[in-house]
Amino acid sequence: AVGQPHVGGFNPLFLHGPTGLGKTHLMHAIGQSVLARLPRAKIVYLSAEKFMVEFLAALRARETIAFKQHLRSCDLLMIDDVQFIAGKESTQEEFFHTMNEIIGAGRFLVISADRSPQNLEGIESRICSRLAWGLVADINPADYELRYNILRAKLAAQPAARVPDEVVDYLARKMV
C-alpha cells in the first residue's frame, strides 16, 4: 500500500470554470503534489474524450476488464473536461461505475468541467449528484488586487528587476 493521496479531504474534488483559467494546470499540480508525498502512488489523468475513446476501444477489443482494472486500481483518478461525455450513454455508465468504485475504495477523484455539476446538460443526474458530493470549486479570473500582488511577488523574487509602481498597476489592470 502506498498510503492515501490527500487532496484536501474532499472526494470528489470538482473544479469548474471557463476555458483558459488553469483548471488543467491545477489538476496536474495536484497530481505532482501527491507524487511528491507518495512517490509510489498510481495517478491517472485523462481528458473525458480520451476516457471515452479508450473505453470504446476496450469494448471493441473485448478488453473492458483491463480498462476497468487500470482506472479503478489507481490512487488518484483525474478526468478533465467531463462535459464532453454529455449524451454518451455507455461512456457515462462506465464513468458512473468507475466513480463509485474509486470513491467506495477510499481513493480520490478530481474532475473538471466548464460548468458546475448542476449545469452539466446531457450528463445523467446520478453522475451530477455524485460530482457534487465533495468540494465543488468555481475557478474565476483573478481580480485586480490579486493580479497586482502576484506581479509584486514575482518582482520581489527578481531583485535586479526594477519596475515602477505605475507599470505594475497598469499591467495588473490590463491583465485578464
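User: Take two strands as paired if DSSP finds at least two bridges between them. The model is predicted. How many bridges join S1 to S4?

Analyst: Pairing takes at least two bridges. S1 and S4 run parallel. One link is known by residue: His16 has Ala113 as its bridge partner in S4. The count of bridges joining S1 to S4 is four.

User: Which residue in S5 is the bridge partner of His16?

Analyst: Strand S1 (residues 13-16) also pairs with S5, in the parallel sense and over four bridges. Leu15 has its S5 partner in Ala137. For His16, the S5 partner is Asp138.

User: In what order do the five strands form the open sheet?

Analyst: S1 pairs with S5. S1 is also joined to S4. The pairing in the open sheet is parallel, and the order is S2-S3-S4-S1-S5.

User: Which are the edge strands?

Analyst: The open sheet has the order S2-S3-S4-S1-S5. An edge strand here pairs on one side only. That describes strand S2 (43-47) and strand S5 (135-138).

User: Are the residues on both faces of S1 buried or exposed?

Analyst: In a regular strand, side chains alternate between the two faces of the sheet. Leu13 and Leu15 lie on one side of S1, Phe14 and His16 on the other. The cut-off for buried is under 20% relative accessible area. Both faces are covered, and these four residues are all buried.

User: At what angle does helix H1 run to S3?

Analyst: Helix H1 (residues 23-37) lies across S1, S2, strand S3 (76-80) and strand S4 (108-113). Angles over 145 degrees count as roughly antiparallel. H1 runs to S3 at about 170°.

User: Is H2 roughly parallel or roughly perpendicular to H4?

Analyst: The axes of helix H2 (residues 48-60) and helix H4 (residues 89-104) come within 10 Å and cross at roughly 100°. The range of 65 to 115 degrees counts as roughly perpendicular. Therefore H2, relative to H4, is roughly perpendicular.

User: How many residues of the contact of H2 with H4 are nonpolar?

Analyst: From H2 come Phe51, Met52, Phe55 and Leu56; they meet Ser90, Thr91, Glu94, Phe95 and Thr98 in H4. Three of the contact residues are polar and one is charged; the nonpolar ones number five.

User: What does the count of disulfides come to?

Analyst: A disulfide needs two cysteine sulfur atoms within 2.5 Å. Cys74 is buried, at 0% relative accessible area. Cys128 is buried too, at 11%. By the distance rule, the count of disulfides is zero.

Notes: Residues are numbered from 1 along each chain as its sequence is written. This is a predicted model: local features need pLDDT of at least 70, side-chain atom pairs count only at pLDDT 80 or more; totals for chains, interfaces and linings use all residues. Side-chain values use heavy atoms; hydrogens and water are left out. Buried means under 20% relative accessible area, exposed over 50%, partly exposed in between (1.4 Å probe, protein chains only). Axes are lines fitted to C-alpha atoms, for helices over the stretch in contact, and angles run from 0 to 180 degrees between N-to-C directions. Helices (H or I, at least four residues) and strands (E, at least two) are DSSP runs, numbered from the N terminus. Angles under 35 degrees count as roughly parallel, over 145 as roughly antiparallel, 65 to 115 as roughly perpendicular and the rest as oblique. Contact means heavy atoms within 4.5 Å. Ala, Val, Leu, Ile, Met, Phe, Trp, Tyr, Cys and Pro count as nonpolar, Asp, Glu, Lys and Arg as charged, and the others, Gly among them, as polar.
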